[in-house]
Amino acid sequence: AANQIEDSLKVVKTEAQWKQQLTPLQFEVTRQAGTERSFTGEYWDNHESGDYNCICCDTELFSSDTKFESGTGWPSFYDVAS
């Protein structure tokens, strides 16, 4: 599938290593399929120019050029990084 990462590119760490690297909320969202509450996250109302990268592997995910106000309380983008 197009959205799957090649095995050679995956970041492999133990649960303990992820917990050491990430905050409790980052761990819940990225490693346990959780979500942060709407209108509370660090970036939901951010309007600065720049890129949004994965907290786990530093891959660029989105650009602020494609960010829009969706009214959902979470950052919303109309395209992924190229």
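By class, the lining of the largest pocket comprises 12 nonpolar, 7 polar and 3 charged residues. Here Ala, Val, Leu, Ile, Met, Phe, Trp, Tyr, Cys and Pro count as nonpolar, Asp, Glu, Lys and Arg as charged, and the others, Gly among them, as polar. This is a predicted model: local features need pLDDT of at least 70 and side-chain atom pairs count only at pLDDT 80 or more, whereas totals for chains, interfaces and linings use all residues. Residues are numbered from 1 along each chain as its sequence is written, and side-chain values use heavy atoms, with hydrogens and water left out.

The largest pocket holds about 730 Å³ of space. Of its 22 lining residues, V29, E36, Y43, N53 and I55 are the closest to the centre. A pocket is an open set of points on a 1 Å grid over the protein atoms alone, where a 1.4 Å probe fits, with protein on both sides within 12 Å along at least five of seven lines; lining residues have an atom within 4 Å of a point. The volume is the space filled by probe spheres set on the points, which are joined across faces, edges and corners.

Which element gives the largest share of the lining? It is α2, with 4 residues. Helices (H or I, at least four residues) and strands (E, at least two) are DSSP runs, numbered from the N terminus.

I turn to the hairpin. β1 and β2 run antiparallel and are joined by 3 bridges; strands pair if DSSP finds at least two bridges between them. Between β1 and β2 lie 6 residues, and D58 in the turn has a positive phi of about 70°. C57 is also in the loop between these strands.

Finally, the aromatic residues. The whole structure contains 4 aromatic pairs. Rings of Phe, Tyr and Trp (its six-membered ring) pair if their centres lie within 6.5 Å; planes under 30 degrees apart are stacked, over 60 edge-to-face and the rest tilted. Y43 and Y52 are edge-to-face, because their planes stand at 75°, with ring centres 5.6 Å apart. Y52 also pairs edge-to-face with F77, at 4.9 Å between centres and 70° between planes. Y52 lies in β1 and F77 in β4, so this pair ties together parts 25 residues apart in sequence. Y43, Y52, F62 and F77 form one aromatic cluster.
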